[in-house]
Amino acid sequence: MSVEQEVRAAAEALVADYGAGRMDEYFMRLAPEAVFIFYTAPDRFESRDEYRAAWDRWVAQDGLRVLRCDASNQLVQSLGPDTAVLSHDVVTALSSNAGEETVRERETIVFQNRGGDWQVIHEHLSPA
C-alpha cells in the first residue's frame, strides 16, 4: 500500500471514530505530543492530554456530543515514507445544551508513521 493509501485509511478511521462518538478510540489515534489549533478554542493545545481535558470539560459543561462527521475533498501530500499532510473538508453535526448544529470546516492534519501506525502529530481547523 502506498503512503497516500495508508494516510487516507488512517484519516478515514479517525473521522469514523470521531463521527461515531468513539472518543477513546479517536484520542488514541493522536500522538501524545500532538499540537492542535482550533478556531473555536482561544488557545493552542500542545498535547493530546490538553486537548482531551478540554474535550472532557466541553462534554461536562456544555453537553457536547458528536452526532456525525463526514469528510470529503481529501488531498494527501507525502513528505517522505513516514510523514504526510492531509487536507480535507469536514461537515460535523453536533449536539450541546444549546441544541444541534452543523458546522462546515476545513482541516489540515499532519500524520507520522510510527511503526506502521499513522498517528496525528498536528491538526489545524478553520471555518469553511
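Reply: T92 lies in strand β3, and in this predicted model T92 counts as buried because its relative accessibility is 3%, where the cut-off for buried is under 20%. Leaving aside residues up to four places away in sequence, T92 touches Y18, V66, R68, C69, E101, T102, V103 and E105.

The strand that carries T92 belongs to an open sheet of five strands, ordered β1-β5-β4-β3-β2 and with mixed pairing. β1 and β2 are the edge strands of this sheet, each pairing on one side only, and the twist from one strand to the next averages 25 degrees. Within the sheet, β4 and β5 pair in the antiparallel sense over 10 bridges, and R114 has D117 in β5 as its bridge partner.

Two helices accompany the sheet. α1 packs on it, touching β1, β2, β3, β4 and β5, and the direction of α1 makes about 170 degrees with that of β2, whereas α3 lies across β1, β2 and β3 and runs at about 60 degrees to β1.

Y18, one of the residues that T92 touches, is also among the members of the largest nonpolar core that touch the most other members, a group that includes Y26, L30 and W55 as well. This core holds 33 residues, and its largest share, six residues, comes from α1. Y26 in turn touches L14, D17, Y18, Y51 and E123, again without counting residues up to four places away in sequence.

Methods:
Residues are numbered from 1 along each chain as its sequence is written. This is a predicted model: local features need pLDDT of at least 70, side-chain atom pairs count only at pLDDT 80 or more; totals for chains, interfaces and linings use all residues. Side-chain values use heavy atoms; hydrogens and water are left out. A nonpolar core is a set of buried Ala, Val, Leu, Ile, Met, Phe, Trp, Tyr and Cys residues joined through side-chain atoms within 4.5 Å. Buried means under 20% relative accessible area, exposed over 50%, partly exposed in between (1.4 Å probe, protein chains only). Helices (H or I, at least four residues) and strands (E, at least two) are DSSP runs, numbered from the N terminus. Contact means heavy atoms within 4.5 Å. Two strands pair if DSSP finds at least two bridges between them. Axes are lines fitted to C-alpha atoms, for helices over the stretch in contact, and angles run from 0 to 180 degrees between N-to-C directions.
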